[in-house]
Amino acid sequence: MDDTQLNHGKDTILVNVLAKMPYMKIRTDRQCKFVEDNAAAVTYRGEVAPCYALMHAYHCYIYGRKKEILPFYLGNVNESSLGEILTDPAYVNFRSKLKDFKFPSCTDCKYVDGCSYTDTNESDCWGNNPSCAECLWSRRLIACP
């Protein structure tokens, strides 16, 4: 359902109970809740990922297009302290990119249908590795706890 064209009117139940429609259309406004909340994710093997989305390999579908998501770890708590990992320049730089969301918006690009960068999150056309360009969490299509 595309919520951008709905007119609920002033007397509908949705307006009266102050319910919010979910974001059902991918938009360019994005933010990383994990960065905003100073959160990280740790696997059972001790690998530190910047978020849930990058904790493991899986695939998802974005507008019917299959996308492979590869895991991305920035350290392991069995080898370094969590504080050392979180203050490592690679981790700090990655979170800085996420804070300003310096990633392309693939779903808004007119070339998305012929672009191989959208097959995985490995990299994007701006040179990011990994790419968070189509992160469903940043688009608020998947809610973080």
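**Before you start**

The model is predicted: local features need pLDDT of at least 70 and side-chain atom pairs count only at pLDDT 80 or more, while totals for chains, interfaces and linings use all residues. Residues are numbered from 1 along each chain as its sequence is written, and side-chain values use heavy atoms, with hydrogens and water left out.

**Stop 1: the whole chain**

Show the chain as a cartoon. Its secondary structure comes to four helices and four strands, in the order α-α-β-β-β-β-α-α along the sequence. Helices (H or I, at least four residues) and strands (E, at least two) are DSSP runs, numbered from the N terminus.

Now colour by burial. Of the 145 residues, 36% count as buried. Buried means under 20% relative accessible area, exposed over 50%, and partly exposed in between (1.4 Å probe, protein chains only). The chain exposes about 9100 Å², and carbon and sulfur atoms supply 55% of that area. Accessible areas come from the Shrake-Rupley method with a 1.4 Å probe; for residues, only the protein chains shown count as cover.

Contact means heavy atoms within 4.5 Å. Among contacts between residues at least 6 apart in sequence, 56% join residues at least 24 apart.

**Stop 2: helix H4**

Select residues 89-100, which form helix H4. At 1.5 Å a residue, its twelve residues should span 16 Å, and its end C-alpha atoms are 17 Å apart, which agrees. The expected span is 1.5 Å times one less than the number of residues.

Which residues of H4 are buried? They are Tyr91, Phe94, Arg95 and Leu98. They cover an arc of only 95° around the axis, so they are on the same side of H4. The arc is that of the directions from the helix axis to the C-beta atoms. An α-helix has 3.6 residues a turn, so residues three or four places apart point the same way.

Then turn to the face away from the buried side, where the exposed residues Pro89 and Asn93 are found.

Look at both ends of the helix. At the start of H4, a side-chain oxygen of Asp88 reaches to within 3.0 Å of the backbone nitrogen of Ala90. Just after H4, Phe101 takes a positive phi of about 45°.

**Stop 3: Arg65 and Glu134**

Select Arg65, in strand E4 (residues 65-69), and Glu134, in the segment after H4. Are these two residues buried or exposed? Arg65 is buried, at 18% relative accessible area, and Glu134 is buried, at 6%.

Their side chains are joined by a polar contact of 2.5 Å. A polar contact is a pair of N or O atoms within 3.5 Å; within protein, one must be able to donate a hydrogen and the other to accept it, and residues adjacent in sequence count only if both atoms are side-chain atoms.

A salt bridge is a side-chain nitrogen of Lys or Arg within 4 Å of a carboxyl oxygen of Asp or Glu.

Leaving aside residues up to four places away in sequence, Glu134 touches Ile62, Arg65, Lys67, Cys106, Thr107 and Thr118. Ile62 is 72 residues from Glu134 along the chain, yet their C-alpha atoms are separated by 8.1 Å. With neighbours within four places likewise set aside, the contacts of Arg65 include Cys60 and Val112.

**Stop 4: other salt bridges**

The whole structure has eight salt bridges. Select these pairs in turn:

- Asp37 and Lys33, with the closest N and O atoms 2.9 Å apart. Asp37 is partly exposed at 42%, as is Lys33 at 36%.
- Arg45 and Glu47, at 3.0 Å from N to O. Arg45 is partly exposed at 38%, whereas Glu47 is buried at 15%.
- Glu68 and Lys66, with the closest N and O atoms 3.7 Å apart.

**Stop 5: backbone details**

Most residues other than glycine have a negative phi, and most peptide bonds are trans.

Select Asn38, in the loop between H2 and strand E1 (41-42). Asn38 has a positive phi of about 55° although it is not a glycine, and it is exposed at 67%.

Finish in the segment after H4, which holds Pro130 and Arg140. The peptide bond from Asn129 to Pro130 is cis, with omega near 0°. Arg140 has a positive phi of about 60°.
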